[in-house]
Amino acid sequence: MTVLTRRSLIGVGAGGLLLSSCDKLSNSVGANDFVAKAQSATYGWQRLVGRQALAQEFTAADISPVFKPNGSTNPKDDDYRRHVDEGFANWKLKIDGLVRKPISLSLADLRALPARTQITRHDCVEGWSAIGQWTGPQLGPLLKAAGLLPTAKYIVFHCADNYGGEISKGGAQSTGRYYESIDLIDAFHPQTIIAHTMRGQPLDVAHGAPCRMRIERQLGYKQAKYVMRIEAVDSFAKMELGKGGYWEDRGYEWYAGI
Amino acid sequence: MASVADTPPSQPLADTVVAPPPGRVYYRHRVVTRICHWINVLCIGFLIASGLNIFNAHPALYWGQYGANNDDARRWFEIGASSKADGTPIGMTRVGPVTVNTTGILGLAKGTDGQQLAQGFPEWATFPTNRDLATARRWHFFFAWLFILNGLTYLIYGLVTRHLQDDVWPRLKQLAPANIWHDIVEHAKLKFPRGENDKEYHILQRLAYAGTVFVILPLMVLTGLSMSPGFDAAAHGFLPQLFGGRSSARSIHFIVMDLTIAFIIVHVAMVVLSGPIHQLRSMITGWYDTGKERRP
């Protein structure tokens with residue numbers, strides 16, 4: 001009895017020690033920074049082996065019956081509500097930042113542009129997937145028309161929705177406004193489109209009306225919805241918490257190709 | 001009784017005590033094999049624990065190209081919490097048509113703070129212990145890279161030195177049903193080959209090791225890569241179509257994780273039952289003591 005008790009105590013003690021060591025490890029800034037280096041390996045490797053590769057496209061028969069809306073599905077922000085009420089009649093998409101000629105497009109302008117339609121798979125970071133059909137102009141030609149400056153390195157998508165959530169790691173403040181960013185390889189990728197149409201219908205509010213990004217070789221959180229402004233930058237270090245996106249500021253990888 | 005002081009100072013105590021007669025000890029594991037083995041232990045430990053944390057973000061599995069909350073027909077596995085008629089919360093796990101009450105282990109279990117917590121796998125099994133998808137992914141991918149580089153080192157080294165062909169790959173004559181059956185019976189009686197018969201892996205060992213090295217772990221890597229949208233594009237649709245789609249690949253990734261855990265349980269049990277000291281020593285120093293011949 002005594003032996004059993006002692007043994008079980010040792011067992012519980014060893015288990016507890018293991019768990020608390022794991023906690024120390026997962027909370028260690030140094031250890032986390034170290035393991036985060038694997039992200040550069042993933043990014044470098046995927047850019048090396050598949051720089052221009054296209055994401056797989058599917059047929060209409062493969063489309064998910066219900067495409068799960070995720071993240072913000074009905075933004076409460078006043079400006080956005082006003083646009084919804086006005087049917088996006090006064091809404092404008094701005095393309096600016098490090099460009100020679102900033103562009104401003106109404107929804108009608110956006111819809112009048114040559115568009116690409118693609119049926120692709122959307123992979124959420126959580127693990128679920130959905131296949132959807134998207135239509136919209138490619139981002140690349142619009143950036144060319146705006147005259148991207150040679151100093152531009154990233155394209156940032158500013159969104160209308162404030163997703164809120166946890167604030168501040170390391171003292172910096174995040175407003176909670178959704179934003180995302182990609183490199184120029186993805187920005188000029190043929191499947192990177194500003195989707196205004198989903199399965200032949202105008203994009204609904206739950207899926208990001210009036211337009212959302214499709215960046216088909218990355219995870220769902222890169223597919224910014226409610227896009228209001230597309231900005232070319234040389235760095236996003238001064239933006240929000242400096243990691244290049246809403247979820248990136250909360251610990252997720254900037255390169256979401258994995 | 002000899003005291004410690006009687007031991008010649010030039011000889012470490014442990015060697016004096018256990019040094020077996022010549023012929024019984026042979027060099028079984030080369031240094032590269034041993035280093036790869038222990039790096040693999042570290043990698044798989046972190047990969048499973050962080051993988052379970054990742055799984056908790058969406059504790060359900062599907063067959064096919066896609067699968068999400070509304071795709072009931074495609075969902076074949078799920079862990080969740082619900083409540084009994086009287087309101088008592090319970091943890092539930094469903095595999096196909098079978099739903100099991102798994103309260104205390106899956107779906108609903110005590111967290112590290114002692115409070116009941118509704119989540120897929122319990123906190124004691126995940127890394128980090130608290131549910132944290134971003135951190136779990138960071139650690140998972142770090143160890144995935146290390147696991148792949150370590151595994152490639154092991155495979156290339158093992159092929160070049162013929163370790164894999166000679167020592168791990170099942171020999172044709174060992175595959176005779178009578179031999180396999182004999183080995184199963186001996187294992188069931190916990191009688192393991194010793195002496196001269198223990199100088200090479202027997203058939204059950206070879207099947208377990210070869211199955212893990214050539215089937216389970218490569219499947220783990222390929223199904224893992226299939227979940228990467230960037231890698232899928234680079235692979236021009238070969239992955240994940242090889243597995244019938246991304247959601248299928250995710251399911252298979254989970255199944256081979258279960259098989260890996262089964263392997264680890266059996267492997268560790270065999271080490272413990274067949275003599276943990278000489279087994280562990282050989283994977284640390286390389287030298288394996290075959291022990292005394294067993295009388296038939």
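Reader: Which side chain of chain B does Glu253(A) meet in a salt bridge?

Author: Happy to take you through it, and please keep in mind that this is a predicted model. The partner of Glu253(A) is Arg137(B), and their side chains meet in a salt bridge at 3.0 Å, N to O. The rule finds three salt bridges across the interface of chain A and chain B. Polar contacts there come to 18 residue pairs, with both residues at pLDDT 80 or more.

Now for the interface as a whole. The size of an interface is often given as the accessible area lost when the parts come together. For chain A and chain B the buried area is about 3700 Å², and carbon and sulfur atoms give 63% of it. In chain A, the residues that lose the most area to chain B are Val35(A), Arg121(A) and Ile258(A), together 14% of what that side buries. The contact draws 50 residues from chain A and 39 residues from chain B.

Let us step back to the charged pairs elsewhere. Over all chains, the count by this rule comes to 24 salt bridges. One of them is within chain A, where Arg82(A) pairs with Glu86(A), the closest N and O atoms being 3.7 Å apart. Arg82(A) counts as partly exposed at 42% relative accessibility, and Glu86(A) is partly exposed too, at 31%.

In chain B, Asp198(B) forms a salt bridge with Arg28(B), with 3.6 Å between the closest N and O atoms. Asp198(B) sits in the loop between α5 (177-188) and α6 (203-226), while Arg28(B) is in the loop between β1 (25-27) and α2 (31-55) of chain B, so the pair ties together parts that are 170 residues apart in sequence. Asp198(B) is buried, with a relative accessible area of 5%, and Arg28(B) counts as buried at 11%.

Another chain B pair is Arg171(B) with Glu200(B), whose closest N and O atoms are 3.0 Å apart. Here Arg171(B) lies in the loop between α4 (163-168) and α5, and Glu200(B) in the loop between α5 and α6 of chain B, so this bridge ties together parts 29 residues apart in sequence. Arg171(B) is partly exposed, with a relative accessible area of 31%, as is Glu200(B), at 33%. Over in chain A, salt bridges that share partners join Arg47(A), Asp183(A), Asp186(A) and Arg217(A) into one network.

Last, a word on cysteines. A search of the whole structure finds zero disulfides over all chains. For Cys211(A), the nearest cysteine sulfur is that of Cys159(A), 9.1 Å away. Cys211(A) is buried, with a relative accessible area of 0%. Cys43(B) is in no disulfide either, and its nearest cysteine sulfur, that of Cys36(B), is 10 Å away. Cys43(B) is also buried, at 0% relative accessible area.

Methods. Residues numbered from 1 in each chain as written. Chains lettered and ligands numbered in written order. Predicted model: local features only at pLDDT ≥ 70, side-chain atom pairs only at ≥ 80, totals over all residues. Heavy atoms only, no water. Contact = heavy atoms within 4.5 Å. Buried area = accessible area lost by both parts, 1.4 Å probe. Salt bridge = Lys/Arg side-chain N within 4 Å of Asp/Glu carboxyl O. Polar contact = N/O pair within 3.5 Å; in protein donor to acceptor, adjacent residues only side chain to side chain. Disulfide = S-S within 2.5 Å. Buried < 20%, exposed > 50% of the residue type's maximum accessible area, 1.4 Å probe, protein only. Helix = DSSP H or I, 4+ residues; strand = E, 2+ residues; numbered from the N terminus.
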